[in-house]
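Visitor: Can you walk me through this one? I'd like to talk about charged pairs.
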Amino acid sequence: MRGVTGDHYFTVEPSAAAGPERTVEFAAGGHEFRLRAAGGVFSADRLDPGTAVLLRKAVLPPAGFDGNLLDLGCGYGPIACVLATVAPRAAVYAVDVNARARALALANGGPLGVRVSAPDEVDESVGFAQIWSNPPFRVGKTELHALLGRWLPRLTPDGVAWLVAGKHLGGDSLHRWLVDEGWEVTRHASQKGFRVLRVARSLGPGRN
């Protein structure tokens, strides 16, 4: 998504005006959500179809889950808000390079206890039982691989990542790359042209 000034949703400091604040409404995990959004952030007019498929098809954590969860590339926070709602005992982290997105994610998720920050602000000692992401394919393959290569190793030994990838954006290519990098990858579900990938550490010797 690009603004009139050439901004992308992954721009660090969007120069385009936010415009009138918008409200995005959706249901997930048996709950109704009504979140604030604005121009210059990813899918500000509606819940992105890929994110909707991810939240519908991946296995949400149970209510008693109390590990660390990460929403990687959180945007205005829909995934983080769902995770914090269905698993209120969990520590939910939400990271994004886009400052405007972080401000909205904090407004939406802060009351639920979501910890919103820029990527470099997350302490290196923090590991994650689950990583959830609708990865930003439009940053390009090199940057996308670098992003996942940075965060997936922070999964705990028995941790799992849930990723959604549009087939037309290279979802099958991402699946192959992850396998080549030594991850155990399962296509958990497919719907409306999107793949939901379950990623875990390989059981093979010397992997991950």
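**Salt bridges in the model**

Guide: Glu124 counts as exposed, at 60% relative accessibility. This is a predicted model.

Visitor: What does Glu124 meet in a salt bridge?
Guide: Its side chain meets that of Arg154, at 3.8 Å from N to O. Glu124 sits in the loop between strand E5 (115–117) and strand E6 (128–133), and Arg154 in the loop between helix H4 (141–151) and strand E7 (155–166), so the pair ties together parts 30 residues apart in sequence.

Visitor: Is Arg154 buried or exposed?
Guide: Arg154 is buried, with a relative accessible area of 10%.

Visitor: How many salt bridges does the structure hold?
Guide: Eight. One of them joins Asp45 and Arg22, with the closest N and O atoms 2.9 Å apart. Asp45 is in the loop between strand E2 (31–37) and helix H1 (49–57), while Arg22 is in strand E1 (residues 22–28).

Visitor: And which residues are linked in a network?
Guide: Asp172, Arg187 and Arg195. Within that group, the side chains of Arg195 and Asp172 meet at 3.0 Å, N to O. Arg195 belongs to strand E9 (residues 194–201) and Asp172 to helix H5 (residues 171–180).

Visitor: Why does Arg195 count as buried?
Guide: Because its relative accessibility is 11%, and buried means under 20%. Asp172, at 21%, counts as partly exposed.

Visitor: Changing topic: how many helices and strands are there?
Guide: The protein chain has five helices and nine strands. Of its 208 residues, 52% count as buried.

Methods
Residues numbered from 1 in each chain as written. Predicted model: local features only at pLDDT ≥ 70, side-chain atom pairs only at ≥ 80, totals over all residues. Heavy atoms only, no water. Helix = DSSP H or I, 4+ residues; strand = E, 2+ residues; numbered from the N terminus. Buried < 20%, exposed > 50% of the residue type's maximum accessible area, 1.4 Å probe, protein only. Salt bridge = Lys/Arg side-chain N within 4 Å of Asp/Glu carboxyl O.
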